[in-house]
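Colleague: Could you walk me through this model and tell me what lies behind the labels you use?

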Amino acid sequence: MDAFQDTEMESDNGDGEWGMIDRMRLWRHDALMQHLYETAAFWGDKILSWTNDPNDAFWLAQTYFMTHQYARAERLLTRPFPAMTAKVQTVPLNGLEHDVLDDTTMGSLTADTKGKGKEGHPDTNIMPQLPMGDAGMMQIPEELQDSVSRLVDMSVACRYLAAQCQVRQGNWTDATEMLGEANPFRHSVRSGRAVPNVDGGIKVEASMCHLRGILMLKLNRGDQAKLCFMEALSLDVKCYDAFDQLISGEMMTPDEEWEFVQGLAYREQTQDDADFVQLIYTSQLRKYKHAEEHALTRRRLVEEFGLSDNPDVLFSFADALYAQFRWADCYVITTRILGLVSIHDSTMPLHIACMYHLNHLHSKLFILAHELVEREPENPISWYAVGVWYLASGKWPQARQYFSKTSLMDPRFGPAWIAFAHTFAMEGEHDHAVTAYSTCARMFTGSHLPLLFVGMEQIMLSNHVLADEALNTAYAACDGDPLLINELGVMAFTHGDYQRAADLFKRSLELAQVTQSSQMSWTTTYLNLGTCYRKLKNYEMAKTNYQHVLEIEPQHPQALGYLGMVYHHLGEIDKAIIKYHEALSIDPINGHLIELLNLALESDLCCGSLEKVYPGGEEAFRAMMVSLKTKVLDASKKPKVDKPGADMAMSVG
């Protein structure tokens with residue numbers, strides 16, 4: 001139907017004269033299209049009183065559902081209706097065969113979508129009324145029991161709508177019984193991923209599988225929910241709700257979701273649109289791997305399909321930049337998206353996170369949070385923004401309060417759970433942080449991030465066995481995250497395997513595809529790599545990495561101190577003393593640097609000015625060097641007070 005023209009109405013008027021019921025069905029339809037739901041319910045109720053037609057009952061139930069009168073809609077769908085005398089014929093229902101009555105379109109959600117029909121003589125179609133008992137309940141005489149049936153038993157569409165009503169009312173058990181624990185059409189001849197929908201719409205079978213998955217989530221049966229969503233998307237690739245639950249809910253690992261989405265039956269189900277559907281779904285997947293494929297996907301969506309300004313396609317660009325820690329570049333694109341649409345559910349967490357990481361945007365984050373709370377107080381993302389602002393301000397308890405509120409409003413909103421755990425980690429409550437991250441890991445089984453953060457917290461607690469276990473499990477789920485590879489390098493360094501640690505740090509930097517805009521995020525990894533080379537006595541490579549850190553951040557005290565140690569090892573005492581002084585000018589109370597500076601000064605006094613001509617001869621000189629070496633080793637083993645030790649400041653977190 002053309003919403004701006006009435007050509008269809010004009011053609012209908014020429015077919016014959018309309019009766020009263022016909023006209024009222026038209027009123028009901030137009031009221032629904034114009035969102036006048038009370039009007040639609042008013043006239044629809046009169047139509048049903050006259051006709052007692054199951055099709056009219058279905059459209060009245062739809063109206064009640066749209067006005068959130070779920071109990072009323074459910075009552076209408078589950079009460080008995082008299083069986084119609086018209087002959088029954090078998091017609092396909094979205095790929096399935098069901099018996100429906102000739103003069104009703106209950107067999108398909110897409111049939112008679114206008115909700116109106118023509119009757120030449122409405123009086124002859126008025127159905128007999130069933131007797132009513134107390135409280136409006138039906139009293140069915142024995143002689144009529146074989147001639148009545150409930151709408152949910154007459155149509156799959158009615159059964160699906162009734163289950164929707166029960167879900168909205170929180171009746172999980174009743175809704176499960178209405179839908180069934182498993183797909184009852186799974187082994188039907190007309191069911192399956194290779195069977196297209198005959199009317200070109202979305203299969204009701206797929207919609208029922210999606211709703212069954214929602215129920216499984218409500219019942220805390222996450223594994224079954226995942227299978228239901230996968231089945232829904234396999235049956236009909238057009239069922240985006242199932243795709244969104246799988247991807248945004250992180251129910252699958254990056255490798256699993258890539259393999260599953262690429263293997264869907266696009267050609268069989270929607271031959272003409274197969275390429276586009278596959279591309280748009282691929283663009284929404286996580287960006288830890290398949291960088292070239294993702295880039296090609298975005299290019300094709302822009303060049304072949306003209307979606308350069310589409311929010312979902314722009315989000316794919318922003319998500320790729322965020323995965324590379326390019327906060328500023330990502331923020332530019334998310335700002336563009338929010339300029340096109342005021343709220344974009346996928347983009348908002350990225351936009352808020354970029355504002356958190358870019359210090360000069362904290363004031364804008366404060367304003368954004370206030371605007372969201374004023375405009376969208378019922379949206380969890382509004383309170384999440386408030387929590388992130390408190391997090392950026394270092395107010396952990398207040399941030400935790402708002403993250404908790406966000407999680408209560410939407411238990412499947414992953415960023416709020418992660419941020420809630422971050423508040424404990426930043427506050428130094430590492431045990432509580434581990435508990436919170438572990439809870440998040442159980443809820444979002446396809447995400448490696450909670451396990452990664454558990455491993456980082458276990459490193460802080462020196463629980464190296466538990467840290468190894470968490471990080472290795474995270475690596476099994478996602479082997480393409482550079483931050484995770486960095487933490488594996490930290491553990492290799494901790495275990496004394498410096499060569500493997502160096503290889504892991506190099507791989508982390510390669511995966512990160514470090515660019516000018518993201519170098520600051522990877523200074524610690526460069527520092528770690530330089531320290532590994534120093535341990536391996538590859539001083540030239542160590543010096544190169546430390547100098548690279550100083551190019552990015554000239555006032556980095558650890559890089560200055562480590563570079564001084566490299567010069568000290570190379571015998572360039574004067575340069576070592578200069579670097580120690582520069583490091584102490586930034587961190588004046590670092591005991592390790594003070595001790596190293598004293599050793600360098602002693603070495604310069606004993607060896608530099610006398611050019612190794614030492615009183616007592618060569619043996620006395622060697623004894624003095626052994627003594628200095630012992631002092632250096634003792635200094636490196638001393639416990640830290642406030643700052644991380646020279647060789648153990650390895651965690652990016």
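Colleague: How many cavities of 30 Å³ or more are there?

Modeller: The count is three. A cavity here is a set of points, on a 1 Å grid over the protein atoms alone, where a 1.4 Å probe fits but cannot get out. Before we go on, this is a predicted model, where local features need pLDDT of at least 70, side-chain atom pairs count only at pLDDT 80 or more, and totals for chains, interfaces and linings use all residues. Residues are numbered from 1 along each chain as its sequence is written, and side-chain values use heavy atoms, with hydrogens and water left out.

Colleague: Which residues line the largest cavity?

Modeller: Its lining consists of Pro 254, Glu 257, Trp 258, Leu 285, Arg 286, Tyr 288, Lys 289 and His 290. The volume of that cavity is about 50 Å³.

Colleague: Why is His 294 called buried?

Modeller: Buried means under 20% relative accessible area (1.4 Å probe, protein chains only). His 294 has 2%, so the label applies.

Colleague: Which residues does His 294 touch, not counting those up to four places away in sequence?

Modeller: With contact meaning heavy atoms within 4.5 Å, they are Trp 258, Thr 282, Leu 285, Arg 286, Lys 287 and Lys 289.

Colleague: What makes H26 mostly covered?

Modeller: Twelve of its 13 residues are buried. They pack against helices H24, H25, H27 and H28.

Colleague: What follows H26?

Modeller: Gly 496 does, with a positive phi near 85°.

Technical notes: Buried means under 20% relative accessible area, exposed over 50%, partly exposed in between (1.4 Å probe, protein chains only). Helices (H or I, at least four residues) and strands (E, at least two) are DSSP runs, numbered from the N terminus. On a 1 Å grid over the protein atoms alone, a cavity is a set of points where a 1.4 Å probe fits but cannot get out, and a pocket is an open set with protein on both sides within 12 Å along at least five of seven lines; lining residues have an atom within 4 Å of a point. Grid points are joined across faces, edges and corners, and a volume is the space filled by probe spheres set on the points.
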